[in-house]
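Here's a quick briefing to read with the model open beside you. It goes from one residue to its surroundings, then out to the whole chain.

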Amino acid sequence: MIKAIKGTKDLLPADNPRWRFLEETVRRIFENFNYREIRTPIFEETALFARSIGEETDIVSKEMYTFTDKGGTSITLKPEMTAGVVRAYVEHSLGSQHPVTKLYYISPMFRQERPQAGRFRQFHQFGAEAIGSSSPVLDGEIIQTAYDILKALGLQDLTVKINSLGVPADRENYKQLLRNYLNDKKDKLTEDSRKRFDKNILRIFDSKAESDQELIKNAPMLIDHINDESKNDFEVVKEYLSKVNIPFEVDPKLVRGLDYYTKTTFEIISGKVGSQSALCGGGRYDLLIEQLGGKPTPGVGFAAGMERILLACENENSFTVDEPAIDVYIIRIDKELGLEVSAIASQLRRKNFTVDYDYLQRSVKAQMREANKLNAKYTLFIGGDEYKNGMINLKNMETGEQTNLPINDLSRVIDNLKA
Ligand code: HAM
């Protein structure tokens, strides 16, 4: 038997009420902040991701689903949204409509990572990108949208971590400082971190190995070497968060795994989901739009992992959803009335009721069992002498109350039910 591919997951009917609650919360809150939805294709030219996320990052160097299509173009399934959103922003000149363009998305993403709890190969992100202003107020707002969504889902065990990576010149100078600091300790680094020393030295801070953490414990920190503008902006972000009552920690080791960041970066961590604890991450990317062929335009955004968030919600028991229910289940008493039942069902469905009935010629008892299983609010009995006399019987499943009514009255009764 063919099974689903490792690291992918079927979202079954029993899972989806929780997903829908999450999606509705995400849409409501983004729209309160006047972000509008964007949907971009599932695949893009590989070069788009290589140029924006960075050749040396884990995502581009190891994790992308890349293939050559029949026309010879190198295509990649999107591992994140920022690159595609920025491409669309430039391609459609979205900036000419409003000076600040605030966009949000909900979409599947693809990364060939080692699957584990909270880490998948096809996963889903929601996120936002605010393009067109370098104001740190917008950094604060972006962090707030993320935080408010997680809070609206009832999550409690959250830590907001923020940092500033300054501008590229700060980072280049700092990398040299770090190289000097680690040079005589290089042999003691883990193999992974030794590779990072040469290729992407900041990522050594992401190492989970205790020996690495010990070696970098007293290293100089980037946040102490950023320019004045970055420092001032960072102060405004902190003030914004205080004003809107969002507790935060400054984490100088928060370097993030994508190359496009400048100045503010942030993550929100859950204490309830094990090692894959980052529910979301993001930051400012003031050079990316230019890098992808647009006019110099600043931007800031974040993305959140939806599987992880739902795992955190489950572990915190942070919200519940109603059991699925239908409005009416029609019970056919006489077998030959099959098409009459279909006609009545269709009348009700066209009035916007959720209606179902038996397709298997089952006994009345079996139909009643099904009505209970489906949590029907009403059952409608069709058949017997009553039906011959033009009557049907409607039962309110909550109160047990039964009403006989003329079949011709059905639509009037239905309208009353609705009201
Ligand atoms: P990221 O940190 O790579 O950032 O991903 C954001 C979130 O997606 C993570 O915090 C995590 O919750 C979730 N995530 C990532 N990989 C996986 C996976 N394999 N399985 C399950 N969840 C995962 C970005 O993607 C940036 N585009 C964020 C951004 C937007 N920065 C600026 N604008």
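Met 64 sits in the loop between helix H3 and strand S3, in what is a predicted model, where local features need pLDDT of at least 70, side-chain atom pairs count only at pLDDT 80 or more, and totals for chains, interfaces and linings use all residues. Residues are numbered from 1 along each chain as its sequence is written, and side-chain values use heavy atoms, with hydrogens and water left out. Helices (H or I, at least four residues) and strands (E, at least two) are DSSP runs, numbered from the N terminus.

- Met 64 is buried, at a relative accessible area of 11%; buried means under 20% relative accessible area, exposed over 50%, and partly exposed in between (1.4 Å probe, protein chains only).
- Leaving aside residues up to four places away in sequence, Met 64 touches Thr 46, Phe 49, Ile 59, Thr 76 and Pro 79, where contact means heavy atoms within 4.5 Å.
- Met 64 and Ile 75 lie eleven residues apart in sequence, and their C-alpha atoms are 9.9 Å apart in space.

- Helix H2 covers residues 46–53, and six of its eight residues are buried, so H2 is largely enclosed by the rest of the structure.
- The buried residues of H2 are Thr 46, Leu 48, Phe 49, Ala 50, Ser 52 and Ile 53.
- Those buried residues pack against helices H3 (58–63), H4 (82–91) and H10 (288–291), plus strands S2 (43–45), S3 (66–68) and S4 (74–77).
- Just past the end of H2, Gly 54 has a positive phi of about 110°.

**Two helix pairs**

- Two packed helices are described by the angle between their axes and the distance between the axes.
- The axes of H2 and H4 cross at roughly 105° and come within 9 Å; axes are lines fitted to C-alpha atoms, for helices over the stretch in contact, with angles running from 0 to 180 degrees between N-to-C directions.
- H2 and H4 are therefore roughly perpendicular to each other (under 35 degrees counts as roughly parallel, over 145 as roughly antiparallel, 65 to 115 as roughly perpendicular and the rest as oblique).
- On the H2 side, Leu 48, Phe 49 and Ser 52 meet Ala 83, Gly 84 and Arg 87 of H4.
- That H2–H4 contact splits into three nonpolar, two polar and one charged residue (Ala, Val, Leu, Ile, Met, Phe, Trp, Tyr, Cys and Pro count as nonpolar, Asp, Glu, Lys and Arg as charged, and the others, Gly among them, as polar).
- Helix H1 (residues 16–32) packs with helix H11 (residues 306–316) at an angle of about 110°, axes 11 Å apart, which makes H1 roughly perpendicular to H11.
- H1 brings Arg 18, Trp 19, Leu 22 and Glu 23 to this contact, while H11 brings Met 306, Glu 307, Ile 309, Leu 310, Cys 313 and Glu 314.
- Here the H1–H11 tally is six nonpolar, no polar and four charged.

**Ser 277, another loop residue**

- Ser 277 belongs to the loop between strand S9 (262–270) and strand S10 (278–284).
- Ser 277 is buried, with a relative accessible area of 19%.
- Not counting residues up to four places away in sequence, Ser 277 touches Ile 268, Ile 269 and Ser 270.

**The whole chain**

- The protein has 15 helices and 16 strands.
- Of its 419 residues, 49% count as buried.
- The C-alpha atoms fill a box of roughly 95 × 50 × 45 Å along the principal axes.
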